[in-house]
Structures are given as structure tokens and as C-alpha cells.
Amino acid sequence: LPAAHLHLGDAYFMMENLDAAQREYEWTLVLSPDEPKVHNNYGTLLERRGQADRALAEYKRETEINPDFDLGWVNFARAAEISNQFESAKVALETVTQRNPNLVEAQVGLYGLYVKLGEAKRASILLKSLEARGIQIIQQ
């Protein structure tokens with residue numbers, strides 16, 4: 001039964017019916033509070049609604065349940081950055097890139113964070129690594 005609510009929430013989310021998606025995700029959390037995927041998806045919904053602090057709490061819970069899910073850490077870092085928790089974001093992304101050096105999402109996020117924090121040398125090294133793999137970063 002929890003999976004049905006999760007999938008229904010995902011369908012509502014894809015259709016941009018965020019109120020219905022939120023109801024389904026919240027119901028899924030009641031039925032299955034230790035399911036990491038629902039924390040991730042609910043966090044994404046909250047982030048879309050501009051509630052980065054609440055999203056961060058969901059991503060944190062997800063990573064507590066499943067600490068090996070690297071994209072969960074990337075989501076956590078993005079919400080932490082939006083919430084101006086730059087050090088938490090940096091630690092999360094550095095940890096993920098050390099553990100999974102091929103995860104482009106983490107490397108791109110870390111590059112952007114280094115630029116934002118004025119860590120030019122680290123940003124330059126990471127940019128060269130990305131470019132060597134054929135990944136282009138469009139700088140604004």
C-alpha cells in the first residue's frame with residue numbers, strides 16, 4: 001500500500017499537481033517512515049515549493065536511512081546550499097566525489113560551490129577534470 005501512494009505522488013508531481021503529490025508523499029511517510037525514496041521525492045517537492053529548509057530535513061533523513069545513496073547526498077547538498085549551509089553542502093559533495101568520482105552531478109555541484117565560495121584553485125582543478133572527460137560547464 002505505501003508503494004501505491006508513493007507512485008501516485010510521483011505521478012501527481014510529474015503532472016505539476018503539487019498539492020496532491022504532497023498529500024500522497026505525506027501519507028506514504030505515515031505508512032512507511034523509513035523508506036528513503038519517499039524522503040527523497042518529498043524533499044524534491046518541498047524544494048520545488050521553495051521550502052529548502054524542509055527539503056534539507058527530508059534529504060538528511062534519507063541519507064541517514066541509506067547513507068550509500070550518492071544522489072541523495074547531491075540533493076542534500078543542493079538544499080544545504082540554497083539554505084546557505086555552504087560547509088554542509090561542501091562536505092557532502094566532497095565525500096560523494098571521493099566515493100564516486102564518476103558522479104557528474106556531484107562534481108558539477110561541487111564546482112559551482114567552489115566558485116561561489118571563492119575557492120578558485122579547487123574550482124579550476126575540478127573544471128579541468130570535468131573538461132578532460134568531455135563535460136563542458138557553461139559559465140555565466
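Predicted model: local features only at pLDDT ≥ 70, side-chain atom pairs only at ≥ 80, totals over all residues.
Is F76 buried or exposed? F76 counts as buried, at 10% relative accessibility.

View 1. Two aromatic pairs are found in the structure. F76 is buried, whereas W73 is partly exposed, with a relative accessible area of 21%.

**View 2. Inside the largest nonpolar core.** This core has 34 residues, and the ones touching the most other members are Y25, L45, L93 and Y111. Eight helices each supply at least two core residues: α1 (2-14), α2 (18-31), α3 (36-48), α4 (52-65), α5, α6 (86-99), α7 (104-117) and α8 (120-132).

**View 3. A closer look at L45.** Set aside its neighbours within four places in sequence, and L45 is in contact with F13, L18, A21, Q22 and Y25. Y25 and L45 are both among the core residues that touch the most other members.

**View 4. α6 crosses α7.** The two axes come within 9 Å and cross at roughly 145°, and the crossing is left-handed. On the α6 side, the contact is made by F86, A89, K90, L93, E94, V96 and T97. From α7 come A106, Q107, G109, L110, L113, Y114, K116 and L117. Sort these contact residues by type and you get nine nonpolar, three polar and three charged.

Terms used:
Residues numbered from 1 in each chain as written. Heavy atoms only, no water. Phe/Tyr/Trp six-rings, centres within 6.5 Å; stacked < 30°, edge-to-face > 60°. Buried < 20%, exposed > 50% of the residue type's maximum accessible area, 1.4 Å probe, protein only. Core = buried A, V, L, I, M, F, W, Y, C linked by side-chain atoms within 4.5 Å. Helix = DSSP H or I, 4+ residues; strand = E, 2+ residues; numbered from the N terminus. Contact = heavy atoms within 4.5 Å. Axes fitted to C-alpha atoms, helices over the stretch in contact; angles between N-to-C directions. Left-handed = near helix turned anticlockwise from the far one by under 90°. Nonpolar A, V, L, I, M, F, W, Y, C, P; charged D, E, K, R; others polar.
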